[in-house]
Amino acid sequence: MADGRRGSLLGTPPPEPPIPERGPSLASSIELRYVPLCVDLCHWINDYTGISMEVNQFWTLLQDGCILCNLMNKLEQQHAINIEETYQYIGYTLKKDLGDQLFYVRLNVETFIRWAKNFGCDKELLCQVGHLVERKDLERALSCIHAVARRAAELRMPYPKCLRLEIKFQMSYNQIVEMFDKDHSTLDEDQIHVKKCFADFCESVGLGKIDITQPIKSNSSEWKSRLAGMWVGPNPMENGDISPIPE
């Protein structure tokens with residue numbers, strides 16, 4: 001009887017992770033105009049955490065809250081150094097400890113959102129847990145992460161390139177990309193300059209050159225092609241290595 005139970009246990013497959021290892025591609029998960037912003041945030045998150053990220057899996061990587069909570073602690077640590085205060089680690093469930101429980105995933109994302117409020121982010125720009133974990137509104141989740149980046153800029157901490165554009169032109173990201181919805185021939189020199197700077201920004205994050213006279217949607221095929229296989233940080237699979245488990 002004991003042997004039978006042992007055989008049954010040994011034959012039981014490991015529990016499925018609460019979030020699938022792979023999900024929909026970036027361009028199919030969110031409106032195309034936000035793709036450059038997501039790629040830029042990948043670079044920013046990597047700069048703080050050192051975690052390599054497959055850009056096309058941006059949302060799946062963030063969905064369990066582990067990378068976001070890692071970022072949270074890195075930002076909190078940097079801020080403590082800047083204001084010469086003692087850094088206090090904020091606890092969360094590491095990826096290796098998530099098991100098959102969605103509860104801990106939700107708790108991680110809740111921890112990040114609660115911290116963002118305490119960090120001084122505009123509450124109107126933050127998201128709810130389900131917006132990310134259940135992918136109910138990824139644009140709202142993007143707004144939340146962008147708000148954290150904006151707050152980092154306000155606190156004179158390293159911030160993403162997209163924020164540099166917003167600060168330079170005193171325009172929101174949406175206002176900048178909406179320039180591409182207008183008839184290019186009707187724009188003045190200042191507006192055309194904004195579009196040129198956005199085009200430079202897109203190229204700097206690896207999306208290639210764009211034609212500023214055309215709408216953003218005209219870049220769909222090119223961006224999808226470039227996103228395939230794009231990594232920020234070393235690609236752990238290039239040498240047959242097993243991808244490390246991000247905290």
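**Entry 1. Helices α5 and α6**

I began with α5 and α6, which are roughly parallel to each other, a label that covers angles under 35 degrees, while over 145 counts as roughly antiparallel, 65 to 115 as roughly perpendicular and the rest as oblique. The axes of α5 (residues 66-82) and α6 (residues 102-119) come within 8 Å and cross at roughly 30 degrees. I took axes as lines fitted to C-alpha atoms, for helices over the stretch in contact, with angles from 0 to 180 degrees between N-to-C directions. I found that α5 passes α6 in a left-handed crossing, in which the near helix is turned anticlockwise from the far one by less than a right angle.

On the α5 side I listed C66, L68, C69, M72, L75, E76 and H79, and on the α6 side N108, T111, F112, W115 and F119; contact means heavy atoms within 4.5 Å. I sorted this contact into 8 nonpolar, 3 polar and 1 charged residues (nonpolar: Ala, Val, Leu, Ile, Met, Phe, Trp, Tyr, Cys and Pro; charged: Asp, Glu, Lys and Arg; polar: the others, Gly among them).

**Entry 2. Basis of the values**

I worked from a predicted model, in which local features need pLDDT of at least 70, side-chain atom pairs count only at pLDDT 80 or more, and totals for chains, interfaces and linings use all residues. Residues are numbered from 1 along each chain as its sequence is written, and side-chain values use heavy atoms, with hydrogens and water left out.

**Entry 3. Helices α3 and α5**

I next looked up α3 (residues 35-49), which packs against α5 at an angle of about 60 degrees, with the axes 9 Å apart. That angle makes α3 oblique to α5. The crossing of α3 and α5 is left-handed. W44, I45, Y48 and T49 of α3 meet I67, N70, L71, K74, L75 and Q78 of α5. By class I recorded 6 nonpolar, 3 polar and 1 charged residues in the contact of α3 with α5.

**Entry 4. Chain and core**

I recorded 12 helices and 2 strands in the protein chain (DSSP runs numbered from the N terminus: helices H or I, at least four residues; strands E, at least two). Buried residues make up 46% of the 247 residues, where buried means under 20% relative accessible area, exposed over 50% and partly exposed in between, with a 1.4 Å probe and protein chains only.

The largest nonpolar core has 79 residues, and L26, W44, F58, W59, L75 and F198 have the most contacts inside it. Such a core is a set of buried Ala, Val, Leu, Ile, Met, Phe, Trp, Tyr and Cys residues joined through side-chain atoms within 4.5 Å.
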